[in-house]
Amino acid sequence: MGLNVLVNPYTMTALDGVAYGLLLFTIAAGLTLIVGVAGVFSMAHGTLYLAGAYLAWYLADGGWTGLALALAAAVVVGAVGGAGLAAVVRPLVDRPLGQVLATLGIAYLGADQFNQVFGAEPRSVDPPRAVAGSVALGDYQYPIYRLLFIAIGLVLVVGLFWLVERSRAGAVVRAVVADPGMAAATGLRTSAVRVGVLVGGGVLAVGAGVLGAPVIGPSPGVDTTVLAYSLIVCVVGGLGSIRGALLAALGVGQILTLGVALVPGVAAFILAAAMLVALTVRHRAALPGQPA
Amino acid sequence: MSATPASVTTGASPRRARRLPRWSLPTLGFLGLAAAVALPWLVNGYVIALAATALVMAVLAMSAQLLVGWAGLSPLGQAGYLVVGAYMAARVATLTDLGPVQVLAATAAGAVAAAVTGSLAVRARGIPFLMVTFGLGELVHAAANQWAPGGSEGTHTAPVAALPGLPAMVRPGWVYLYVLACVLVIGAAVAVLVRTRFALLLRAVAAHEPRVQAAGHHTGRLLLAAYTIAGGIAGAAGALAIAVTRYVSPADAAMGVSALALAAALIGSGSMLGAGAGAVLLVAARDWVSGLLGGHGPTLLGLCFLLLAYLPRLRQASRTLRLPRRRT
């Protein structure tokens with residue numbers, strides 16, 4: 001079977017990288033739209049992911065019911081969290097540093113609360129029993145849940161692309177990214193779009209936390225890690241660009257898995273180099289008033 | 001970042017009316033200095049250790065303030081250079097226990113690290129600058145976990161000696177006084193720096209970059225120089241940090257440390273002394289007050305950040321400077 005040629009430790013790691021990249025895309029897609037559309041650099045985005053991961057841990061019962069419950073709760077928590085963030089940054093329009101500090105403050109409050117409620121030790125989240133095992137790919141065993149996650153991730157990618165690039169709502173969002181002033185002049189309610197994007201980004205981040213909990217489990221500090229990686233994705237992919245976010249997330253996913261396996265210790269430098277290249281190519285595209 | 005409206009810079013005249021008498025600032029400074037020197041004889045060892053930590057953070061806040069208050073750029077990765085300096089000082093500590101040598105080596109290491117990574121950071125402005133420096137800080141954090149001696153456990157160092165011939169300092173009071181002396185020297189150097197023509201050019205870049213370019217200055221190089229100097233100051237803070245704790249770990253590069261430095265610089269709103277005071281205030285809130293309340297340091301710090309975000313003065317903090325008698 002020709003599959004055996006494809007199946008070696010590197011392709012297995014690369015497959016891990018795809019799962020990781022799709023998870024990062026789900027988180028970073030929300031952040032890139034939030035930064036691009038609402039102009040809010042939300043330092044609390046990682047906190048939302050962590051909230052989702054803890055939700056998955058708390059509601060997991062080994063069956064599909066727990067996962068469905070957690071997802072339903074994620075939509076509520078994400079919407080409330082996004083709306084809350086919108087309310088917090090509303091008085092801080094045109095004060096980006098104020099927004100950063102306010103969302104950072106919320107991230108601190110959230111981290112302390114998580115510590116209080118869920119304890120300081122890392123929690124491991126098991127996927128539903130039906131997909132908990134592993135499947136044989138050639139000579140290797142691969143976790144079924146990770147394959148399922150890749151499938152869900154691909155569906156999410158297609159759905160998000162359709163939403164942003166084909167639907168009317170997406171056209172409105174892209175219009176606000178491209179030129180907020182002109183969008184407002186043509187009668188679009190940019191403030192409503194901003195709130196909508198914050199809510200949507202919040203739902204995506206919390207949902208990613210629920211689905212991604214078996215991949216990146218909940219523990220203190222995960223919020224910062226996830227935030228750092230997703231904003232590297234945003235910087236590399238360009239703020240407000242969903243295509244860029246997808247490519248960057250897949251690339252970062254490969255660097256963090258395959259890159260670490262091939263050349264251990266250099267991953268951090270490859271990420272820095274990727275940011276450098278992205279910033280050089282789009283030299284000064286991010287001056288005030290211009291979307292990157 | 002959106003451009004600051006031109007009208008805010010003209011608001012200086014009403015403030016002039018209620019300026020304090022000429023002798024008040026030197027007197028206050030002298031009293032503060034006397035209190036700082038007398039502190040080890042007044043409070044217990046725990047508070048002295050906290051005060052030494054606060055002084056280290058004050059140096060890191062000055063490093064951030066050079067970028068925030070002068071260059072108009074908000075860094076969120078200064079702790080990365082602190083850790084670079086701390087590891088360098090820990091490396092030098094295996095050769096000599098002389099504190100000043102360690103500080104110089106750490107300053108050089110921090111400056112080199114900042115010069116290398118700065119070429120990346122100074123391509124961005126405003127919030128993208130903040131994102132890039134945040135990413136850089138996290139990358140230093142990750143790299144320290146993998147490469148630094150001791151890995152994520154960190155590494156311990158021997159006590160430092162202040163001058164050749166003196167015994168190594170073990171008691172917190174002496175360490176505090178050594179750190180205080182170093183902070184005063186660094187502060188004096190920074191005070192000279194911010195009165196140079198270079199600092200004026202930085203403020204000009206922050207105010208209107210294209211105009212500075214049109215006047216024939218290479219703004220990218222100016223900002224890179226500022227970033228390098230800021231990295232050097234942060235590196236010096238790292239050497240002082242291991243003098244205090246005798247320990248360095250990758251956790252010192254955490255985002256929280258950088259965020260504290262940035263917030264302190266914003267509290268200082270355009271003044272170096274203010275940034276240092278802000279750092280002392282935030283460390284006091286995080287460690288001392290939370291100790292009195294039984295934990296919840298992060299919550300207190302988060303509330304401080306929220307409060308700071310909604311204070312109206314922050315509006316102009318990064319772009320303008322309102323202290324009297326500064327050459328502008």
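Because the model is predicted, local features need pLDDT of at least 70 and side-chain atom pairs count only at pLDDT 80 or more, while totals for chains, interfaces and linings use all residues. Residues are numbered from 1 along each chain as its sequence is written, and chains are lettered from A, with ligands numbered from 1, in the order in which they are written.

Chain B has 13 helices and 2 strands, where helices (H or I, at least four residues) and strands (E, at least two) are DSSP runs numbered from the N terminus. Of its 328 residues, 52% count as buried; a residue is buried if 20 or more other C-beta atoms lie within 10 Å of its own, exposed if 12 or fewer, and partly exposed in between, with C-beta atoms placed from the backbone. Among the contacts in chain B with a separation of 6 or more, 77% come from residues 24 or more positions apart, a contact being two residues whose C-beta atoms, placed from the backbone, lie within 7 Å.

Within this chain, α11(B) is largely enclosed by the rest of the structure, because 14 of its 14 residues are buried. Its end C-alpha atoms are 20 Å apart, which agrees with the 20 Å that 14 residues should span at 1.5 Å a residue, the expected span being 1.5 Å times one less than the number of residues. Just after α11(B), Ser269(B) takes a positive phi of about 35°. Another positive phi, near 55°, belongs to Arg246(B), a residue other than glycine, which sits in the loop between α10 (219-245) and β2 (247-248) of chain B. Arg246(B) counts as partly exposed because it has 16 C-beta neighbours inside 10 Å.

In chain A, helix α3 (residues 45-59) and helix α4 (residues 64-89) pack at an angle of about 150°, with their axes 9 Å apart; axes are lines fitted to C-alpha atoms, for helices over the stretch in contact, and angles run from 0 to 180 degrees between N-to-C directions. The helices α3(A) and α4(A) are therefore roughly antiparallel to each other, a term for angles over 145 degrees. Residues making this contact include Leu48(A), Ala51(A) and Gly52(A) of α3(A) and Gly66(A), Leu69(A) and Ala70(A) of α4(A). By class, the residues of the contact of α3(A) with α4(A) are 10 nonpolar, 4 polar and no charged, where Ala, Val, Leu, Ile, Met, Phe, Trp, Tyr, Cys and Pro count as nonpolar, Asp, Glu, Lys and Arg as charged, and the others, Gly among them, as polar.

Further along chain A, helix α6 (residues 144-166) has 23 residues and reaches 32 Å from its first C-alpha to its last, close to the 33 Å expected at 1.5 Å a residue. Buried residues of α6(A) include Tyr145(A), Arg146(A) and Phe149(A), and what covers the buried residues of α6(A) includes α2 (9-38), β2 (140-143) and α7 (168-178) of chain A.

Terms used:
Parallel < 35°, antiparallel > 145°, perpendicular 65-115°, else oblique.
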